[in-house]
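Colleague: I would like to learn how to read a structure file step by step. Could you take me through one, giving the general idea before each case?

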Amino acid sequence: MKLTAIEIVGFGKWQQQTIDFRQGNQLLFGANEAGKSTIYQFIQAMLFGFPPKGKRKKDYQPKNGAAYGGRLWFQHPTFGEVQVERFKGQNKGQAKVYFDGQIGDEQTLKKMLYPLTRELFQSVFTFQQEQLSQIDQLNEEELQTALLSLGLSGSQQLLLSREAYFKQSQMLYKGKGSQPPLNQKLLDYQKLQLKINEKEQQEQSFKKLMDELSQTQTQLTEKQQMLMKGKEQLSFVEKQIMNLPLYHELQHLGTNSVQSGLDQQAEEQLLAIYQQHRFIGEELTRLNHTLVVPDDTVEQQEAYHFYLQEEALIQQLLDQRYAIDKLLEEVAWMNHSLQQNIQEMLPLERQWGFQADQPPQLPFEEEEVARLHEVMTERAVRKQKAQTDLRMLQEELAVREENLSTFETLNKEMFNKHSQRKDKRVNLVFCGVALVVILAAFLFSGLLRYGSLLVGILFLFVGVLPLFSQPKNSYENEKRQWQEKLSQLDYLNDQMLQTEKTLKEIAAEESEWTQLIAEKVKAHHLGRMDRVDYWLTHRQDITRYLLLLNTNQELEQQLKADQARVAAIVEQTEPLALHLPLHSKPLKERMAIIYKFADQMEKIRFTQEHQADAYTRQTMRELKEKQQAVLETARPLLQRFGLTAIAEIPEKLQKNQAAVQAQKRKTELQTMLAGLYDEQTQAGELPEKQEQLTKSVQELANQIQQLQHSEQKLLFQRKQMLTDGTLDELYQEQAMLKAEIEELAVEWAGNQLAGQLLMDLLTELSEQQLPNLLKKAADYFRLLTESAYRTVELEEGQLIVVRKDQQRFMLHELSTGTKDQVIMALRFAFLYLQERSLCPIIIDDGWLHYDSRRKKQLAQLLTIFSKHQQVICFSSDREMVSYYQELQQPIIELKGVEI
């Protein structure tokens with residue numbers, strides 16, 4: 001956005017004042033209390049509204065009761081020239097916006113200025129001295145977080161505004177809150193949705209009906225769009241068919257039209273030359289006929305009279321003799337070259353099976369072929385390795401199985417004994433004796449009973465003792481070895497299965513690749529060149545074959561054209577065959593005969609002219625000189641239009657007239673048929689296409705009719721089901737609640753967007769942008785200090801400036817003026833890196849600590865920067881005015897101030 005002008009009707013001390021701004025850099029000069037700050041406040045008021053009244057705020061309403069407000073003009077990249085009009089007493093202080101013949105309101109202005117806000121305007125695009133003095137030192141973290149809010153913004157307003165926006169958004173909605181209005185509305189919506197779901201579950205048929213109705217309406221809309229498109233296509237095809245005769249005529253003209261290149265003046269010159277040459281030739285012929293040599297034979301006289309009749313044709317052929325000889329040599333050379341190329345192509349065709357009618361094509365670039373060859377080589381290596389691994393695994397598995405079989409044979413007896421021990425652990429004899437003794441003990445009494453019980457228990461203990469005490473043997477150790485051997489066999493089997501799977505995958509890849517190669521060979525006509533290594537090592541054979549084939553095609557085309565020219569010249573000599581022996585003779589011999597005949601006749605002419613009277617000879621000599629002069633005069637014009645003789649002029653003029661008429665008709669037809677046909681149009685397919693489109697349109701019309709009938713039926717059923725109004729009322733309540741939620745959501749999203757915009761400004765100086773910022777700031781800092789300082793750097797998180805003598809200084813070590821220059825350079829660097837020019841840069845005496853040299857350098861910086869963005873300076877400094885005058889920058893003088 002660039003300001004173009006302001007009109008202050010009444011604002012502060014200014015009344016009925018108009019100021020026009022320049023596109024680039026400018027200085028508004030005025031003494032203290034001249035109203036410079038008032039102009040700035042007016043610009044701000046026109047863009048963002050009048051400032052609110054307050055005890056500690058300045059009131060800019062005119063004291064004399066004049067209208068409070070004015071107009072502002074700016075250039076917008078999208079809307080063009082825009083006029084903003086705002087008066088406090090009209091439209092409640094709201095703006096009227098005039099642009100492109102339209103009138104907008106305050107919301108229109110906000111959309112035009114978006115994302116520019118009052119806060120951005122005050123803190124980013126305004127330079128004041130107090131902003132430059134608020135930062136004492138900067139480090140890397142401050143550059144990334146506080147530089148925009150303090151250094152580049154000038155205050156904490158951006159951070160405060162961002163927090164205010166986020167706070168307002170949280171008052172509307174919180175992620176885990178329940179009191180904000182949007183949270184409450186969402187809870188109400190969920191409860192209402194549950195009610196609706198319950199009601200719809202009660203009315204499953206209604207839900208099914210609504211789904212069917214929605215689907216029907218969607219299909220109806222799609223079919224109607226298809227019908228409209230089909231009718232447009234049908235109308236277009238019908239129009240094409242109706243204009244087919246004109247299209248065929250246009251194609252014929254485009255194929256057969258000849259561009260002669262003659263304008264009216266050239267046509268008149270050629271006609272005049274031809275008439276003059278023809279008149280002289282006829283006069284010479286008449287004089288030649290009057291000359292009779294009595295000594296000549298009748299045959300010589302007839303030949304001479306024939307020569308005089310065909311002299312123009314003979315002379316035309318003789319004039320072309322050098323061109324004809326060159327043409328014949330060229331035809332012979334092309335025939336020889338064509339045969340040589342064919343002989344060179346035959347070995348390639350026999351070796352690779354190439355065919356001229358289906359020439360081979362290179363399917364891949366050389367780098368791609370090399371990559372494919374590497375892939376195939378790597379796959380072959382993997383296959384060989386897998387096969388080797390499989391063979392070794394099979395051998396190892398056979399050895400392991402043999403070892404396991406031997407181990408089981410050797411330990412078979414031990415396994416059997418262990419099994420038998422398991423079956424005979426309890427001694428049944430002792431257990432039986434124990435049972436008998438115990439039972440017999442009950443037959444006795446006293447000590448004998450107890451003694452019998454003790455003996456029975458002893459025998460029972462001996463019988464079951466084997467259960468608790470087994471002899472030690474090596475069974476467990478052998479079993480562990482056997483299990484280890486089985487585990488090793490399982491592992492080898494797994495490895496073998498994995499290797500076989502790998503081999504199958506490689507085989508599948510090879511099969512797929514073989515099929516791909518076969519398809520490429522067939523598609524690109526490569527014949528027997530069906531291997532990738534052939535493509536890599538014999539690629540030059542394809543290139544050579546294509547080169548020879550293309551050369552032969554060009555030679556054949558040129559040879560055909562030259563042979564046509566030879567045939568035309570032969571046809572041109574046919575009238576001379578009535579008297580000269582030209583039949584069945586090639587062109588070269590014909591030209592030799594014609595040349596010899598002309599030489600003889602010229603000797604006869606010379607004899608006749610020598611014997612003629614002096615007057616006739618003088619007349620003929622003058623006529624020949626005139627004829628030669630006409631020929632010399634016409635030669636540049638003939639060469640210009642590709643003519644070899646004056647006798648070709650009538651044919652050229654006739655072709656020119658035909659070409660002019662054809663071009664005129666072609667232009668007329670192109671205008672009539674514009675947009676109807678293109679290169680892909682096939683005239684023969686149009687009737688079939690029309691029939692298909694007609695059938696398709698009719699089918700779509702029938703389908704739409706059926707869908708409309710179904711829709712009406714479903715709408716009637718829905719109306720009957722909504723007669724109780726319960727579900728309908730819930731839907732209405734849901735729609736109203738949804739509208740309230742959308743309104744709150746829009747307000748919440750607006751606050752979030754505004755806060756995020758300020759956040760984006762605060763995070764613009766990220767690690768990616770910081771180097772660019774420092775580089776551009778260093779450029780501006782060198783300009784401001786006349787190269788006294790070389791660069792601006794970050795060292796251990798602190799901002800450092802480097803002087804040209806390599807001395808390094810932190811910000812607090814610099815003088816006040818130099819420190820201001822650093823901050824000024826940083827701010828301008830940041831503004832330079834912005835992608836959009838949202839607003840002009842406004843500076844109000846931002847050089848308080850500058851001496852004369854610094855002011856001059858600042859003026860140069862503003863001049864350079866104004867090429868990127870509009871700059872408006874307010875100042876009462878006469879020295880700054882002199883620098884602006886020296887740099888030829890515009891100065892706007894405020895009323896009552898002399899420069």
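Colleague: What does the protein average in pLDDT?

Modeller: pLDDT is the predictor's confidence in each residue, on a scale from 0 to 100, and in this predicted model the protein averages 77, with 81% of the residues scoring at least 70. Over residues 292-296 the pLDDT is below 50, although this stretch has seven contacts in the model beyond near neighbours in sequence, a contact being heavy atoms within 4.5 Å. Residues 419-424 also fall below 50, and that stretch has one such contact. Where pLDDT is low, the predicted coordinates should not be read in detail.

Modeller: As this is a predicted model, local features need pLDDT of at least 70 and side-chain atom pairs count only at pLDDT 80 or more, while totals for chains, interfaces and linings use all residues. Residues are numbered from 1 along each chain as its sequence is written, and side-chain values use heavy atoms, with hydrogens and water left out.

Colleague: How many helices and strands does the protein have?

Modeller: Helices (H or I, at least four residues) and strands (E, at least two) are DSSP runs, numbered from the N terminus, and here they come to 29 helices and 14 strands.

Colleague: What share of the residues counts as buried?

Modeller: Buried means under 20% relative accessible area, exposed over 50%, and partly exposed in between, with a 1.4 Å probe and protein chains only; of the 899 residues, 37% are buried.

Colleague: Which residues have the most contacts inside the largest nonpolar core?

Modeller: A nonpolar core is a set of buried Ala, Val, Leu, Ile, Met, Phe, Trp, Tyr and Cys residues joined through side-chain atoms within 4.5 Å. The largest one has 85 residues, and Ile39 and Phe74 have the most contacts inside it. Helix α27 (residues 816-833) supplies the largest share of this core, nine residues. A second, separate core of 28 residues includes Ala303, Tyr307, Leu313 and Leu317.

Colleague: Which residues of helix α12 are buried?

Modeller: In α12 (residues 311-319) they are Leu313, Ile314, Gln316 and Leu317. These residues lie on the same side of α12 because they cover an arc of only 160° around the axis, where the arc is that of the directions from the helix axis to the C-beta atoms.

Colleague: How many disulfides does the count come to?

Modeller: A disulfide is a pair of cysteine sulfur atoms within 2.5 Å, and by this rule the count is zero. As for individual cysteines, Cys839 is buried with a relative accessible area of 1%, and Cys873 is buried at 0%.
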